[in-house]
Amino acid sequence: MKLSQIQGQDKVIESLRAAIAAGRLHHAWLFVGPRGVGKRTTAFALAAAVNCDNGPMGGGLFAGAAPGATFAEACGSCPSCIKMASGNHPDLHIVAGDERAEEAGLAGHLLGGGESGDAEGGDDDAKGAGARRTIKVGKLRDLEYHLLRKSTEGRFKIAIIVDADQMNPHAANALLKTLEEPMGDTLIVLTSSAPSRLPATIPSRCRRVRFSALPEPLVARVLADAHGMTADRASLLAHVSDGSIGRALAIEKGEMTDWVIEAVARVAGVPGQDATDALELAEELGKGKDRADTVRRLLVLFDLLGVYYRDTAVGAWADGWSRVMAGAAAGDVLRNFEYLDEARRALDLHVGPQVTLESLFMKMRAAARTA
Ligand SMILES: [Zn+2]
């Protein structure tokens with residue numbers, strides 16, 4: 001990925017390229033903004049640009065940077081770029097929690113840090129579900145070790161710390177020491193969608209770059225072009241993901257199955273249906289061998305319906321919904337919105353999925369008739 005290929009973040013990319021071209025590259029950067037809008041991709045593109053053999057920093061530091069040059073880009077074909085693209089560049093070090101590393105398929109010099117040997121008493125996240133998200137101190141010590149050595153290829157040693165707010169206090173302290181002793185040939189990029197969780201001492205040593213949510217049409221285009229989705233599905237996902245390609249892909253991969261997309265239109269049609277059909281639909285959607293699995297699908301369905309009712313109440317995204325819903329009768333949208341909440345609570349209280357749906361559907365029908 002080249003900097004010029006990052007979509008929807010023109011201001012950010014322009015400022016990074018200007019910094020490279022002018023040789024004003026700060027040694028530590030903090031990329032903040034919503035999840036899934038290109039922070040990590042940009043960090044990798046920046047790494048490729050500063051180490052490219054043909055880039056402005058190639059052939060000796062800043063040698064090719066003519067004053068006022070605006071071109072700053074990785075060539076994509078030199079040995080350094082090829083190693084960067086494959087994740088095998090010896091001077092590129094990546095720090096991430098185990099879960100995030102898996103999720104994002106992060107490859108390359110992913111620092112391990114020998115976590116099992118860490119005695120980190122008093123760390124709330126040391127056990128349980130949070131443990132795999134947490135970035136522990138071992139990884140930062142590994143990083144320090146690599147950054148203290150000479151760069152293998154003679155240019156920048158680059159560290160990308162993904163979701164830096166997931167560092168536990170020990171890890172954050174270790175990073176702080178590294179940031180306090182900047183070395184001329186290191187570049188550290190932190191990414192975070194929750195920078196307020198970082199100890200203030202860390203952002204104060206970094207140059208902050210703000211990434212914004214992406215416009216819906218852009219997200220839809222990327223989902224359709226690069227991920228092969230149909231136009232309708234792409235625009236629905238772009239709409240419900242709040243301008244985040246990453247979130248849209250996560251929804252697509254984990255939650256927004258064909259089952260949910262088909263079901264949302266049918267449930268939205270319930271206010272106009274007769275009781276027998278509504279009860280049959282409740283039986284069909286509420287059955288399933290595994291209660292937990294059924295409940296999970298229904299909760300995603302309720303979320304999507306909630307967005308539909310919210311939009312309908314204020315007249316938003318009407319064209320999009322009319323394609324997804326194919327003529328469904330919205331009924332009394334405000335009351336339906338409340339009934340969805342009641343249905344969520346019922347599932348929380350272990351009411352059966354079918355009974356929950358029956359109750360929801362009867363209320364939706366009654367509200368439509370009295371509206
Ligand atoms: Zn190159």
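Me: Which residues point one way from β5, and which the other way?
Reply: Thr-186, Ile-188, Leu-190 and Ser-192 point one way. Leu-187, Val-189 and Thr-191 point the other way, and all of these are buried. A residue is buried if 20 or more other C-beta atoms lie within 10 Å of its own, exposed if 12 or fewer, and partly exposed in between, with C-beta atoms placed from the backbone.

Me: Where do these numbers and this model come from?
Reply: Residues are numbered from 1 along each chain as its sequence is written. The model is predicted, and local features need pLDDT of at least 70, side-chain atom pairs count only at pLDDT 80 or more, while totals for chains, interfaces and linings use all residues.

Me: How many residues of β5 are buried?
Reply: 7 of the 7, over residues 186–192, so β5 is largely enclosed by the rest of the structure. Strands (E, at least two residues) and helices (H or I, at least four) are DSSP runs, numbered from the N terminus.

Me: Which strands are joined to β5 by bridges?
Reply: β1 (residues 28–32) is joined to β5 by 5 bridges, and the two run parallel. β4 (residues 157–161) also has 5 bridges to β5, again parallel. Strands pair if DSSP finds at least two bridges between them.

Me: What stands opposite Leu-190?
Reply: Leu-30 does, from β1. Ile-161 also has Leu-190 as its bridge partner.

Me: How does the chain cross from β4 to β5?
Reply: Through helix α6 (residues 169–180), in a right-handed β-α-β crossover. Right-handed means that, with the strands pointing away from the viewer, the path from the first strand over the helix to the second runs clockwise.

Me: New topic. Which residues of α11 are buried?
Reply: Ala-278, Ala-282 and Leu-285.

Me: What is on the face turned away, and what covers the buried side?
Reply: The face turned away carries exposed Thr-276, Glu-280, Glu-283 and Glu-284. The cover of the buried residues includes α10 (258–268) and α15 (353–370).

Me: Where are Asp-163 and His-350, and are they buried or exposed?
Reply: Asp-163 is in the loop between β4 and α6. It counts as buried because it has 25 C-beta neighbours inside 10 Å. His-350 is in the loop between α14 (333–348) and α15. It has 9 such neighbours, so His-350 counts as exposed.

Me: Last one. Where does pLDDT stay under 50?
Reply: Over residues 59–70, with 14 contacts beyond four places in sequence, and over residues 115–126, with 16. pLDDT is the predictor's confidence in each residue, from 0 to 100. A contact is two residues whose C-beta atoms, placed from the backbone, lie within 7 Å. Where pLDDT is low, the predicted coordinates should not be read in detail.

Me: What is the mean pLDDT of the protein?
Reply: 85, and 89% of the residues reach 70 or more.
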